[in-house]
Amino acid sequence: MTQIALGTNTTFTTAGEGEYWDSHWGLGGARSLADLSYRRNEISAWAVGIGGGSAGAWNGRRFQVTGSGSRFAYVDFYGTAHCSSVPSLTGSTNWQVDVVVYDSTLDSIIGNMNVFSASHSISLLTYTDGGNIGNSVLVSLQAGHEYVVYVKTTGDCSQYGTFASTMASDSGNYTTTWSSIRIRWQ
Amino acid sequence: MAKNTIPKITPEEAQKINKELMPLWGSPEIDPEVKQQCDEWQTEARLTREKALMPSRQGELQ
């Protein structure tokens, strides 16, 4: 377990843990992966005909704060996230990226910032969404508590007609990849 | 995770499929009941997803 002394700025450049989940129904599919080696979330969902898929993944770092008392800190997230979506004339796609601070001692999310949120429906176009993650979350961190800071990607796709829909954020530049997460005490 | 019913479809493949289907279906009407079924599944899936993606509590890491 990584320990951080209260008041000492720290930058993480490697992931320690993550989770992923996917599900589908009808003529649909979904795929998910939290690739800790590359600090990357890979999710996709698709459907042809009636059906859908849903997927999500996160990865980040867990740490414990040592010392005494509590203090405010910015948690700075850096990285990039992109998604390519085709909703079609009879479907929809959704994709979202959040940066999160979770207090695992209290089992509570104490900070959450939505970085990207893209929804498309009933369109023939291919949509490209995303960009730099670059965001900060201000939280109060308490000595003795354990925290998880992470980047989470979720998305889904539905097809309620006769065409093909897809939400792809799972390969090449089209993934969510964080480069560093910094704890910056105030 | 459950095995997918159909293989993955990339955005390029989706566009190709849709282009081929377009002359057959033109501007299709959406069946409200089917749309509702899709929406209900999506809502349920999102709730399950959020629970599944919560990090472990302190001391519960496997």
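What pLDDT does chain B average? Across chain B the average is 89, and 95% of the residues score at least 70. Keep in mind that this is a predicted model; its overall scores are ipTM 0.94 and pTM 0.96.

Let's start where the two chains meet. Chain A brings 45 residues to the contact, and chain B brings 33 residues. On the chain B side, helix H1 (11–25) and helix H2 (32–52) each supply at least two residues. H2(B) gives the largest share of that side, with 10 residues. Here's how the chain B side that touches chain A divides by residue class:

| Class, side of chain B touching chain A | Residues |
|---|---|
| Nonpolar | 18 residues |
| Polar | 10 residues |

Now for the cores. In soluble globular proteins, nonpolar side chains tend to be buried together. The largest nonpolar core in this model has 50 residues. Those with the most contacts inside it are Val75(A), Phe77(A), Val101(A), Ile133(A), Tyr147(A), Val149(A) and Val151(A). Quite a few strands of chain A each supply at least two residues of this core, including S3 (17–35), S5 (70–86), S6 (88–103) and S10 (146–159). S4(A) is the one with the largest share, 10 residues.

Methods: Residues are numbered from 1 along each chain as its sequence is written. Chains are lettered from A and ligands numbered from 1 in the order in which they are written. This is a predicted model: local features need pLDDT of at least 70, side-chain atom pairs count only at pLDDT 80 or more; totals for chains, interfaces and linings use all residues. Two residues are in contact if their C-beta atoms, placed from the backbone, lie within 7 Å. Helices (H or I, at least four residues) and strands (E, at least two) are DSSP runs, numbered from the N terminus. Ala, Val, Leu, Ile, Met, Phe, Trp, Tyr, Cys and Pro count as nonpolar, Asp, Glu, Lys and Arg as charged, and the others, Gly among them, as polar. pLDDT is the predictor's confidence in each residue, from 0 to 100. A nonpolar core is a set of buried Ala, Val, Leu, Ile, Met, Phe, Trp, Tyr and Cys residues joined through C-beta atoms within 7 Å. A residue is buried if 20 or more other C-beta atoms lie within 10 Å of its own, exposed if 12 or fewer, and partly exposed in between; C-beta atoms are placed from the backbone.
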